[in-house]
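Take the structure below one piece at a time.

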Amino acid sequence: MTTAVRVRGLTRRFTVRGVLNGVDLDIAAGEFVALVGRSGSGKSTLLRALAGIDHEAEGDGEIIAPARVSVVFQDARLLPWKSVLANVTLGLTGPDVRRRGLAALAEVELSGREQAWPHELSGGEQQRVALARSLTREPQLLLADEPFGALDALTRLRMHALLRRLSETHRPAVLLVTHDVDEAIELADRVVMLDDGRIAADIPVDLTGPDRPGRFLALRGRLLALLGVVDPLAA
Amino acid sequence: MNAPVTAPLVVASEIGAPAERIRLGLGKAAPLGWLLGPGLLLFYWSVGSASGYIDPRILPAPWATFGTAVELFREGRLQTNLAVSAIRAGEGFVIGTFAGLVVALISGLSLTGGYLFDGVIQMKRAIPTLALIPLVILWFGIGETMKVTVIALSVFIPVYLQTHNALRAIDLRYVELAETLGLTRAAFIRNVVLPGALPGVFLGMRFGVMAAWLALVVVEQLNAASGIGYMINLARTYAQTDIIVVGLVIYALLGLLSDGAVRFAEARVLAWRRSLAA
């Protein structure tokens, strides 16, 4: 299996978001990894390092990441002065940019809304546009920083299904930062937990076989215990 | 099986209506309510003039003022002077806006440009433009060049300041986004910085329009041989209060109209914000 991401001995000091104290992490091509941890554990710091947007960061370590990396933020981060389609195709070049943008919008079930202004869409729809924007780059690595954190519970469930489908179609390596243990188990092949800037746990998610709900609950209880929370469902 | 629960029956009247809350907000504004103040002012002015309480030498009656305006228009003096004033203000506004935009782009989009220009302009900002008039007169004489220069300088400052501010205040989140999308610097400026700064540009232009009329009023008091200011000055010499009032009303209308024009252009260009405000 080819490796998409390789991180060795990554440290980040003096950041407002949480430090990193020597992180080693590999993500295989096409693998879906969820990164969980308490606030300030360094989740976002690691994601920003992989995205290459931590210019002010101090620290060292080795990062190997693919050429095509897309980022989905917690806020959809659409430019309010550009139509939905122009947001999706922002920065793309080539003869068939429009067709690619429309195709990506169709994939997130927003056909027909391409001329709308971002603020005319609901929060979930805006986040779907952001997903479409990241897909048009055909990323080898998709970084998502709590992308559903600001959505209501029902919309979040729909977005889970959409993200699972999209990642199965396009097969990027995915690093999903989330504070939602259920979301992590539901979506990821592997859950990595950061604590105080170190990898505290690295647990494969295997819900195949009989008693899927039981396995789900067991893993959920284990992850929550590692986070220092007593799972009311496991008690 | 659950036994049927017998809840005590409460009749609505026993609880009473929901507590009446004092409304602390301002409530709904009446349509055209803003006209009340100006309307009352006009009413007192009319009553005062009709009853002879206001001396026409102090302030002529509204209808007399209106008659004077019609007469000035028939003679052609009103439109001639108005055209001269409007062209002066317009030239100054266009030059000042253009210069303000160009310098703001240079100093807003690059650190070096900022080091070069911003300090100088912030210093200039501390000197009221109208205080520069004596110097401008020595440089350019007393003619049109001086007048347009003073107006352009007055427009330059607010256009520069607001544009520069808006360019430098680009949301960091959009900068990050542009980086992750791999935009070139040119594409970043074209797609993110400039459209994001446009509201600031328009704000600067609205301040600029007002500054242009203010500067116009002042320079037209200085040895002008035409223009609304000249008309007012001449009227002062002959104690024609009605013509002075007509001139002032014209200034007010010009200010309102040009502000409206900039706001109209703003609404057209910033269509993405329109339904946001609605």
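Helix α3 (residues 62–75) and helix α11 (residues 241–269), both of chain B, pack with their axes 9 Å apart, at an angle of about 80°. Helices here are DSSP runs of H or I with at least four residues, strands are runs of E with at least two, and both are numbered from the N terminus. Axes are lines fitted to C-alpha atoms, for helices over the stretch in contact, and angles run from 0 to 180 degrees between N-to-C directions. α3(B) and α11(B) are therefore roughly perpendicular to each other. That label covers 65 to 115 degrees; angles under 35 degrees count as roughly parallel, over 145 as roughly antiparallel, and the rest as oblique.

Which residues meet in this pair? From α3(B) come A64(B), T65(B), T68(B), A69(B) and L72(B), and they meet D242(B), I243(B), V245(B) and V246(B) of α11(B). Two residues are in contact if their C-beta atoms, placed from the backbone, lie within 7 Å. The residues of this helix contact divide into 6 nonpolar, 2 polar and 1 charged. Ala, Val, Leu, Ile, Met, Phe, Trp, Tyr, Cys and Pro count as nonpolar, Asp, Glu, Lys and Arg as charged, and the others, Gly among them, as polar.

A word on the source. This is a predicted model, in which local features need pLDDT of at least 70 and side-chain atom pairs count only at pLDDT 80 or more, while totals for chains, interfaces and linings use all residues. Residues are numbered from 1 along each chain as its sequence is written, and chains are lettered from A and ligands numbered from 1 in the order in which they are written.

Now chain A. It has 7 helices and 9 strands. Its radius of gyration is 18 Å, close to the 18 Å that the globule rule gives for 235 residues, so chain A is as compact as a globular protein of that length. The radius is taken over C-alpha atoms, and the rule is 2.2 Å times the number of residues to the power 0.38. The C-alpha trace of chain A spans about 50 × 45 × 35 Å along its principal axes. Of the 235 residues in chain A, 42% are buried. Buried means that 20 or more other C-beta atoms lie within 10 Å of a residue's own; exposed means 12 or fewer, partly exposed lies in between, and C-beta atoms are placed from the backbone. Take the contacts in chain A between residues at least 6 apart in sequence: 70% of them join residues at least 24 apart.

One sheet of chain A is open and has 6 strands, in the order β5-β6-β7-β3-β8-β9, with mixed pairing. Strands pair if DSSP finds at least two bridges between them. β5 (69–72) and β9 (198–204) of chain A are the edge strands, each pairing on one side only. From one strand to the next, the twist averages 20°. Helix α7 (residues 212–226) of chain A packs on this sheet, touching β3 (32–36), β8 (190–195) and β9 of chain A, and its direction makes about 15° with that of β8(A).

A144(A) stands opposite V72(A) and opposite L176(A) in β7(A). Is β6(A) enclosed or open? 5 of its 5 residues are buried, so β6(A) is largely enclosed by the rest of the structure. L141(A), L143(A) and D145(A) point one way from the strand, L142(A) and A144(A) the other.

Another open sheet of chain A has 3 strands in the order β2-β1-β4, with antiparallel pairing. Its edge strands are β2 (20–28) and β4 (62–64) of chain A. Here the twist averages 10° from one strand to the next. β1 (residues 3–12) of chain A and β2(A) pair over 7 bridges. R6(A) has D26(A) in β2(A) as its bridge partner. Helix α1 (residues 43–51) of chain A packs on this sheet, touching β1, β2 and β4 of chain A.

The loop between β1 and β2 of chain A holds F14(A). F14(A) is exposed, with 9 other C-beta atoms within 10 Å.

Last, the two chains meet. The contact takes 16 residues from chain B and 12 residues from chain A. On the side of chain B, α8 (172–180), α9 (185–220) and α12 (271–277) each give two or more residues. The largest share, 6 residues, comes from α8(B).
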